[in-house]
Amino acid sequence: MKLKSKLLISFGIILFVPIFMAAVISGFFFRVQVEEVAENIVFRPDVKSLFFEIVFSIFLILLLTALLLTMWIYQSIITPIRKLQKAADNIKEGNLDFQLEIDGSEGDELNELCVSFEDMRRRLKENAEEKIHNESENKTLISNIAHDLKTPITAIKGYAEGIMDGVANTPEKVDKYVRTIYSKANEMDTLINELTLYSKIDTNRIPYNFAKINVGEYFSDCVEEIGMDLEHKGIGLAYYNYVEDSVVIIADPEQLRRVVNNIVGNSAKYMNKPNGFINIRIKDVGDFIQVEIEDNGKGIPAKDLPYIFDRFYRGDASRNSATGGSGIGLSIVKKIIEDHGGKIWATSKEDTGTIMYFVIRKYQEVINE
Ligand SMILES: Nc1ncnc2c1ncn2[C@@H]1O[C@H](COP(=O)(O)OP(=O)(O)OP(=O)(O)O)[C@@H](O)[C@H]1O
Ligand SMILES: [Mg+2]
């Protein structure tokens, strides 16, 4: 049954039930009074007309009240329903920009329904926009991967042809060509491994093995390992630990090492000075420890800085340069740090150097007294 019909029926009932009851009761009293009048042998003809006037006035007042109340309820229900209907039709047609006007009072159930509906539309819109954004990112990803795989493959093909055609005509040349092929194949292997890891991390398929880690011990081990590697590359390394010996964090040691290696790896990769240097500082900042990795490399242009943690983002200079890479490194780093409940950011000055910062919450023993 339509809302309108239901309201009309209620309107009728509101109006006629009291009138009917009033008529029955008044009729009864009228008869009693007529009998009394008859007994007193005084007949009063105006009593009858007065009775009808009263009944008619009551009827008129009831009619107006019921009419006003019904219209008021009808309007307050039907107006938001019509709006909702229009908004739902728009969503059905795929128009997620249609905004529902909310002008009811707070606490009104239909107004709350409209607010929820508007929230739903906003979420749907955000999801749709995110989907479009992801699709375009995926397209960029495919073209980046194609580009990054094509470069070493072209080189491998070229050097293999060189060997087959006899261009590499001395054992030294053959050796050099084979080594280049090997290093290009390694490059591809690293890229594919990074991609696999990224997709696992992105879809939360990496089970973290969180453990209590002593900050001082962990980072001094880490730095020792990095130092040896950097020595080969002719880059100096200094380590400053400002946290107390007892400070502990909860982290996955393997993934945290990946974070440090990735950042230091970038510092080494983008080093453009003969006296390259990396400073690693561990600081105590209240509830967190802050790790700072500073280099005196080529720096990041201000226009690239906000995007370096985005997946597959590489500065123009990096993309066009000979340095390999796909721009996944820092996005993996960011994801790992965020999965540890931390934050990462960077400051940089072109031609001067870069500082990467990340914070991880300290572990505090809960003492039950
Ligand atoms: N220490 C740094 N010095 C200068 N530029 C940097 C530094 N670290 C990052 N960048 C810039 O940020 C970009 C993104 O870094 P990221 O590690 O995500 O990717 P990548 O090093 O290019 O590739 P990948 O790490 O996947 O091999 C780099 O391409 C580079 O332009
Ligand atoms: Mg990198």
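Domain bounds here come from an automatic or database domain assignment. I am working with a predicted model, so I keep that in mind throughout.

**Entry 1: the domains.** I looked up how the protein is divided and found domain 1 (3-98), domain 2 (136-202) and domain 3 (211-361). For domain 2 and domain 3, I noted that 26 Å separate their centres, taken over C-alpha atoms.

**Entry 2: where domain 2 meets domain 3.** I turned to the contacts next: 12 residues of domain 2 touch 11 residues of domain 3. The two domains bury about 1300 Å² between them, and 60% of that is on carbon and sulfur atoms. Which three residues supply more than any other three of the area that domain 2 buries against domain 3? I found Glu194, Tyr198 and Ile201, which supply 41% of that area. I also checked for salt bridges across the interface of domain 2 and domain 3, and the rule finds 0.

**Entry 3: Ser136.** I picked Ser136, which sits in helix H3 (residues 109-164). Its relative accessibility is 39%, so I logged Ser136 as partly exposed. From Ser136 I followed the chain to Ala168, 32 residues apart, and read 44 Å between their C-alpha atoms.

Entry 4: I took a second look at Ile25, which belongs to helix H1 (residues 3-39). Is Ile25 buried or partly exposed? With a relative accessible area of 47%, Ile25 is partly exposed, and patch residues need over 30%.

Terms used. Residues numbered from 1 in each chain as written. Chains lettered and ligands numbered in written order. Predicted model: local features only at pLDDT ≥ 70, side-chain atom pairs only at ≥ 80, totals over all residues. Heavy atoms only, no water. Helix = DSSP H or I, 4+ residues; strand = E, 2+ residues; numbered from the N terminus. Buried < 20%, exposed > 50% of the residue type's maximum accessible area, 1.4 Å probe, protein only. Contact = heavy atoms within 4.5 Å. Buried area = accessible area lost by both parts, 1.4 Å probe. Salt bridge = Lys/Arg side-chain N within 4 Å of Asp/Glu carboxyl O.
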